[in-house]
Amino acid sequence: MTSTFPNISISTERLVLRPLDEDDVPALAEMMNDEQVGAWTDVPQPFTEDGARHWITEWAPTERAAGRGLDLAVTEFLTQRLVGIVQLTKTNWHIRSTELSYIVAPWARGEGYASEAALATSQWLFGDQKFERIELRTAADNTASQQVAQKIGCISEGVLRNACIVHVRTEDGAWTDLRTDFIVWSLLPEDLEGAGERLPDNGGFTSFSDWN
C-alpha cells in the first residue's frame with residue numbers, strides 16, 4: 001500500500017504552513033511570475049492564474065494522494081499573506097526519504113522565511129513522519145539557496161555535473177536555458193542540532209520541480 005502525507009498545518013513563531021487553497025490563486029500566480037523564480041526554477045513562464053488553479057486543485061492533491069510528495073503554502077501567522085511555497089517530491093516511503101524545495105515570494109525576501117519554513121518542515125518530517133533523510137538540490141551559482149541549506153544544518157554531499165537547467169534572459173527578453181551543476185545536500189535527524197541558532201537568512205530557491 002502506498003503511504004501518503006497527511007493534510008496538515010505546521011506552525012512556527014511567524015509562519016503557518018498549510019495546504020494550498022483556491023484563495024491562494026492570485027498571490028501564487030504573482031509570486032511565480034517573479035524574475036528570480038523564472039531564472040532558478042522550472043516553473044512555467046509566464047505563469048497564469050489558470051496555471052495556479054490547476055496546481056492547487058489538481059496537481060498538488062494528485063501528488064499527495066499518490067504518495068509522491070506534498071505542497072504547502074507558507075503564510076505569515078499575523079497577516080495570513082502568502083509568502084512562499086514548500087514542496088516535497090521524489091518521496092521514497094521504504095527508505096523514508098524525500099526531496100525538499102522552496103520558493104520565497106519577492107515581497108517576503110530578507111525576512112528569513114525560507115530557512116524557517118524549511119526547518120519547520122524538516123522537524124515535522126523527522127519527528128511526526130519518522131523520515132530518515134531529506135535531500136536538497138541547489139544550482140551551483142544559487143548562493144542564497146545554499147545559505148538556507150547550510151543554516152538548517154544540511155551537509156553538502158557533492159556535485160552532479162551538468163545536471164541542472166537554469167534560465168537567463170536573451171537580448172529580446174525571452175528566456176533561454178543554461179546548463180549548470182547541481183549541488184546535492186542532505187539532512188539527517190542528527191543534523192538538526194543547533195539549526196535554530198543559524199537563522200535567519202535572506203531567502204532562496206532550490207530545485208523546484210516542473211510540476212506542469
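Student: Where does Thr75 sit?

Tutor: Thr75 is in strand β3. Helices (H or I, at least four residues) and strands (E, at least two) are DSSP runs here, numbered from the N terminus. This is a predicted model, where local features need pLDDT of at least 70, side-chain atom pairs count only at pLDDT 80 or more, and totals for chains, interfaces and linings use all residues. Residues are numbered from 1 along each chain as its sequence is written, and side-chain values use heavy atoms, with hydrogens and water left out.

Student: Is Thr75 buried or exposed?

Tutor: Thr75 counts as buried because its relative accessibility is 4%. Buried means under 20% relative accessible area, exposed means over 50%, and partly exposed is in between (1.4 Å probe, protein chains only).

Student: And what does Thr75 touch?

Tutor: Not counting residues up to four places away in sequence, Thr75 touches Arg14, Leu15, Val16, Arg18, Gln80, Arg81, Leu82 and Val83. Contact means heavy atoms within 4.5 Å.

Student: Gln80 is on that list. Where is Gln80 placed?

Tutor: Gln80 is in the loop between β3 and β4. Its phi is near 65 degrees, a positive value in a residue other than glycine. Gln80 is exposed, because its relative accessible area is 64%.

Student: What about Lys90, what's its phi?

Tutor: Lys90 has a positive phi of about 50 degrees, although it is not a glycine. Lys90 lies in strand β4 and is exposed, with a relative accessible area of 56%.

Student: Which residues does a cis peptide bond join?

Tutor: Gln45 and Pro46, with omega about -10 degrees. Pro46 lies in the loop between α2 (35-40) and α3.

Student: Let's zoom out. How many helices and strands are in the chain?

Tutor: The chain has five helices and eight strands. From the N terminus on, the order is β-β-α-α-α-β-β-β-α-β-α-β-β. The radius of gyration is 16 Å, close to the 17 Å that the globule rule gives for 212 residues, so the chain is as compact as a globular protein of that length. That radius is taken over C-alpha atoms, and the globule rule is 2.2 Å times the number of residues to the power 0.38.

Student: How much of the chain counts as buried?

Tutor: Of the 212 residues, 51% count as buried. Among contacts between residues at least 6 apart in sequence, 69% join residues at least 24 apart.

Student: OK, cavities. How many of 30 Å³ or more are there?

Tutor: Two cavities of 30 Å³ or more. On a 1 Å grid over the protein atoms alone, a cavity is a set of points where a 1.4 Å probe fits but cannot get out, and lining residues have an atom within 4 Å of a point. Grid points are joined across faces, edges and corners, and a volume is the space filled by probe spheres set on the points.

Student: What's the volume of the largest cavity, and what lines it?

Tutor: The largest cavity has a volume of about 40 Å³. Its lining includes Val74, Ile85, Tyr102 and Ala117. β4 gives the largest share of that lining, four residues. By class, the lining has ten nonpolar residues, one polar and no charged. Ala, Val, Leu, Ile, Met, Phe, Trp, Tyr, Cys and Pro count as nonpolar, Asp, Glu, Lys and Arg as charged, and the others, Gly among them, as polar.

Student: And how does the lining of the second largest cavity divide by class?

Tutor: Three nonpolar, three polar and three charged residues. The second largest cavity holds about 30 Å³ of space, and its lining includes Trp59, Glu63, Arg68 and Asp71. Two or more lining residues come from each of α3 (49-65), β3 (70-76) and β4, and β4 gives the most, with three.

Conventions
On a 1 Å grid over the protein atoms alone, a cavity is a set of points where a 1.4 Å probe fits but cannot get out, and a pocket is an open set with protein on both sides within 12 Å along at least five of seven lines; lining residues have an atom within 4 Å of a point.
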